[in-house]
Amino acid sequence: MRRTNVFKLKPTKEQERRLLDLADNCSKLWNEVNYKRRESYFNREMEWNTDEEYKKYKRLVGSATAQQIIIKNNEAWKSYFALLKLKQKGKLPSHINKLSPPRYWKNRTNNKRSLRIIVRNDCYKLEGDMLKLPFGLKIRWKGRNKWKGKQGRLEIVYDDLSSQWYAYQPVSVGNSATSTNRK
């Protein structure tokens with residue numbers, strides 16, 4: 001069973017600048033990979049090689065982060081194709097009204113990129129009130145580490161409305177798991 005811990009990050013001004021730069025490059029990588037795949041899909045060519053994008057961004061976001069973004073994009077496309085097969089068989093869940101390929105990481109109202117960072121599960125640590133990230137970033141966090149278990153890949157997202165950074169940590173727990181903060 002998977003559960004998610006949510007943390008509010010409290011970066012300093014310098015850390016915030018670094019997070020913004022890293023997240024912007026992560027979003028650019030997602031969008032470039034997704035653009036290439038969408039064009040290929042709509043042209044019925046099915047060209048899925050991402051070596052060029054990986055090489056371009058691994059120096060900017062780190063090789064593990066670049067891999068995770070490409071893997072997450074692979075998962076989004078596989079999910080789309082699985083839903084297409086269900087639709088062809090007439091077994092699409094009733095709550096799904098429209099299918100569309102994976103979207104770009106951008107806010108459609110202001111046309112700015114959505115700022116996200118994907119961190120591989122073995123590239124970060126939660127120690128006390130500090131989140132240790134690649135590139136020597138150590139950022140304070142606030143919240144409850146509610147679920148304990150095997151940690152998954154961390155997603156760090158910037159919320160435009162609150163101007164805050166949030167980290168989402170999926171955790172694999174046993175079926176009988178309860179939160180560590182139950183009363």
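A residue is taken as exposed when its relative accessible area is over 50%, as buried when that area is under 20%, and as partly exposed in between. In this predicted model, Asn111 reaches 55% relative accessibility and therefore counts as exposed. Asn111 is placed in the loop between H3 and E2, and its backbone takes a positive phi of about 60°, although the residue is not a glycine.

The loop between helix H3 (63-88) and strand E2 (116-119) also holds Lys106, which has a relative accessibility of 36% and so counts as partly exposed.

Ser163 lies in the loop that joins strand E7 (154-159) to strand E8 (164-172), and, since its relative accessibility is 42%, Ser163 is classed as partly exposed.

With regard to the helices, H1 comprises the 30 residues 13-42 and spans 43 Å from its first C-alpha to its last, a value close to the 44 Å expected at 1.5 Å a residue. Just after H1, the backbone of Arg44 adopts a positive phi of about 55°.

Notes: Residues are numbered from 1 along each chain as its sequence is written. This is a predicted model: local features need pLDDT of at least 70, side-chain atom pairs count only at pLDDT 80 or more; totals for chains, interfaces and linings use all residues. Side-chain values use heavy atoms; hydrogens and water are left out. Helices (H or I, at least four residues) and strands (E, at least two) are DSSP runs, numbered from the N terminus. Buried means under 20% relative accessible area, exposed over 50%, partly exposed in between (1.4 Å probe, protein chains only). The expected span of a helix is 1.5 Å times one less than its number of residues.
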